[in-house]
Amino acid sequence: MADDADLRLFLVEHNLRGLPPAEQASAHRALAEAVRREASRGRRIRYVQRIFVPADGRCLCLFAAENPGAVRAVNDIAQFPLIAIAAVTSTAEPTRDRGRTAT
Amino acid sequence: MDARGNLTGELTGFVGRRAELALVRQSLSAARLVTLTGPGGIGKTRLALRAASAARRAFRDGVWLTELAGLRDPALLAAELARSLGLFDQAAPWGVTALSDHLAARQALLILDGCEHLTDGCAVLADALLRGCPELRILATSRHVLRVAGEVTIVVPPMSVPSEAGLGAPGGSGDLSRYEAVRLFADRAAAVLPEFVIDDGNGPVVAALCRRLDGIPLAIELATGRLRSLSPGQILARLDSGFGLLSGGGPAQPPRHRALEGTLEWSYELLTGTERAAWRRVSVFARSFDLDAAEYVCAGDAVISPESVADLIDSLVAKSVLLRTAGQDAAAVRYRLLDTIGAFGLRKLRAEGDERALRLRHFGWCAALAARPGAWGAGRARWLAELDSEHENLRAALEFSLSPSSPPDVVAAGIGLACDLWRYWPAHGHLTEGRRILASALDLADQPAPVRCRALWVAGYLAIVQADLPGARTLLEKAITTARSAPDPPAMAYAAAYLGYALFSAGEPGEGSALLESALALHRESGDSVGVELTLLLRGLVLLCSGQQDAAALGFAECARLCERDGNVQFQGHAQWGLAVAAWLSADYQAAGELAAAGLRLAREAEDWINVAQCLESLGWIAVSRRSAGRGLMLLGAAETARATIAMQLQPALREYRETALRAAGDLLPQPAVAAALAKGAVMTPAEAISFALGEAAPSGPPPGGPDGAPPVLTRRELDVAALVAQGLSNSQIAAALVISSRTAETHVAHIMTKLGFSTRSQIAAWSAASGEST
């Protein structure tokens, strides 16, 4: 992506309760691949960060994208139902390494 | 679901492609993902199906086809694949989990047919499955490569055609038969004109025709459809003049695309005006349709009268625009457009400016279908099967109406359609899709309160069925709030009933029971008998689980009376079950057994697998109470399997009853016998378990290739056809022998394959020889 400074941040909530760790890794691999494919088609989207709450199985994924539709699209491709999506702002510095899966 | 797979028979003979078949076979033995690519009409699907069918023995756990042409939403890919495999459509944190769990230890071949419009979704899904399922192989067809690591791509070429120079070679027309395109032409021509043969007279023309059509199978089939009225030479001449018009000017198109597009255009132009209109109009159907649907959607104006539809459809079949197929009920006939032909028709429809009007008529037909009563009565199984046949059409209608660009009245109608299908979505593995459609609909611009209310409570109900209680609660609470402000008493009643049940299941019995009582009062006030029956059942279940069996029995008895009056077979089955449990709790085991058996019969009739599982479970308790421990344990084993198949959990109180029964059985039998009996029950099929429970003769195993259940019954004519297939006759030879048309012979062969579960003629031959049927 030439310049993603104007991309917005979107936080997606997934419910991973009951999903074994190996399957969680597979699901996030699928999500990262979906992002890579969409980005390769010129869609401006980046998978920034993943935060997992083991106590209740919640997973929060942060994306930088043009619009929420792009974020929904990659989750749909990855077969990853999302509970909620919200535009957010963050004071944390997201990694800007392109093509890397966020951890 | 047949453990060997879900492939169905071929409708027409498979010609040539020996090299490609060998290549696919070799590739599948070496690579885990093989993708057949090529343009539309080149024969990717036929090749994939043929190769997969030939390789079936190599896959212990079968070959499974998922057709993706009618699916537009990538989020539903996993659910669609699960449905093809016969898996219950359960909610999961990740859509691939259920598939991985099912396939992890299975040696199976999945066919993903028509991936081009969902390339990324198919690629990501294929990659995830291959990583998690070491013995899985996937064969995909797509116009585009999937770009998955380890993917082997086979570009399906056109069929071989003779060069111009080759026609002068010694041997004349006999040599032409070594060209696949010519053999295909001859085979399809013989279906149209049984006496047609390629000889020295017409050989050069046929060869030229095949060259002109670039050896593209679909183009050849379209051309041969004209042989009733044109000679090969006349077809060639018209194609030449047609292509001359097409090839002048414009951006360069790949030659193969020009050939197929040109053939489609030429086929279209040769039709009468009404036939062209019929082609355009049937293109709004997704995948297939029947005659009633065609009459509803395509007729009714000055161009096409209802009386003319049958003849027009017949004409389009004769000209290879439509394929005639068997419906789910072998006596029903459906018609199908190949994707390429349908896409062409849609382009023409759009060019005429008629697409929106036809889509509205298509929507109207789907809405009328969904609104037909049938969810409750004796015809429920048939109603479900009919809707299943139309699933892709329903999906297309919902996609059209629930688009963000649709006007509010069309969106409201679309939500109404989705809600009218509320008893259909859970029935045959469409829960995820139903929930997703309603969720998307609720996201659209504000709808009137009654529309939103209904969508919210239906969505809540579907969430309960998928065991998503938190999701159900959120939706149903919103439904109640919206219904209260509207006000909308009927919606309030349904929402309250389901929320009451959800709260009880979540461990809030007080609030749950109160809501159920208020729901019942509202339904009685509005005179909604289905609502009353439903709420009596839910309330009865809550009372049973709370130890109030006398009050539960009263409610179930009232429900049973109402259901009998109204012909609500499904709910009557549940009421019988509830009465059975109440009787059992009161130690009236004789009555309990009779009531549970009655419930089970009704559940079977209604294809209600939840009630089948419930009745099997309670029959197990009853048997143990009557000191038939072995029988009881087998029933409990069968019930556990039945529940697992539909991802159903027992309510805690009912689970306690099960544990009590298991302990009681353990007091009567030694532990090894307990385990053995449970295991014996657990491996029963649903049909076997029901027969065992009802004391009926066990269903015989599936006849060779036949469906589970009753042995297939071929008609006298079908038996004649089977015998002739066993003698090695082609469809056209069979037609000549029986003095019927080749198309009729084809249809008989297709019906035989469907009824017997076969996919090749050699299977029919073997069956015919074994059964000793002969003319």
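Two strands pair if DSSP finds at least two bridges between them. Helices (H or I, at least four residues) and strands (E, at least two) are DSSP runs, numbered from the N terminus. The model is predicted: local features need pLDDT of at least 70 and side-chain atom pairs count only at pLDDT 80 or more, while totals for chains, interfaces and linings use all residues. Residues are numbered from 1 along each chain as its sequence is written, and chains are lettered from A and ligands numbered from 1 in the order in which they are written.

**Figure 1. β4(B) and its two partner strands.** β1(B) and β4(B) pair in the parallel sense over five bridges; here B:Leu33 has B:Ile138 of β4(B) as its bridge partner. β3(B) and β4(B) also pair in the parallel sense, over five bridges, and B:Leu109 has B:Arg137 of β4(B) as its bridge partner. In general, strands of a sheet pair through backbone hydrogen bonds, either parallel or antiparallel.

**Figure 2. The two faces of β4(B).** B:Arg137, B:Leu139 and B:Thr141 point one way from the strand, and B:Ile138, B:Ala140 and B:Ser142 point the other way. In a regular strand the side chains alternate between the two faces of the sheet. Six of the six residues of β4(B) are buried, so the strand is largely enclosed by the rest of the structure. A residue is buried if 20 or more other C-beta atoms, placed from the backbone, lie within 10 Å of its own, exposed if 12 or fewer, and partly exposed in between.

**Figure 3. The open sheet of chain B.** Five strands of chain B lie in the order β2-β3-β4-β1-β5, with parallel pairing. β2 (63–67) and β5 (151–155) of chain B stand at the edges with a single partner strand each, so one side of each has no neighbour in the sheet. From one strand to the next, the twist averages 20 degrees.

Figure 4. Helix α5 (residues 119–132) of chain B lies across β1 (33–37), β3 and β4 (137–142) of chain B. The helix runs at about 170 degrees to β4(B). Axes are lines fitted to C-alpha atoms, for helices over the stretch in contact, and angles run from 0 to 180 degrees between N-to-C directions.

**Figure 5. The largest nonpolar core.** This core has 265 residues, and those with the most contacts inside it include A:Phe63, B:Trp457 and B:Tyr498. A nonpolar core is a set of buried Ala, Val, Leu, Ile, Met, Phe, Trp, Tyr and Cys residues joined through C-beta atoms within 7 Å. Helix α23 (residues 489–505) of chain B gives the most to this core, with 13 residues. Not counting residues up to four places away in sequence, B:Tyr498 touches B:Trp457, B:Gly460, B:Tyr461, B:Ile464 and B:Leu476. Two residues are in contact if their C-beta atoms, placed from the backbone, lie within 7 Å.

**Figure 6. The side of chain A that touches chain B.** In this view, 19 residues of chain A are in contact with 17 residues of chain B. The elements that give two or more residues to this side of chain A are β1 (8–15), α1 (21–40) and α2 (68–77) of chain A. The largest share, seven residues, comes from α1(A).
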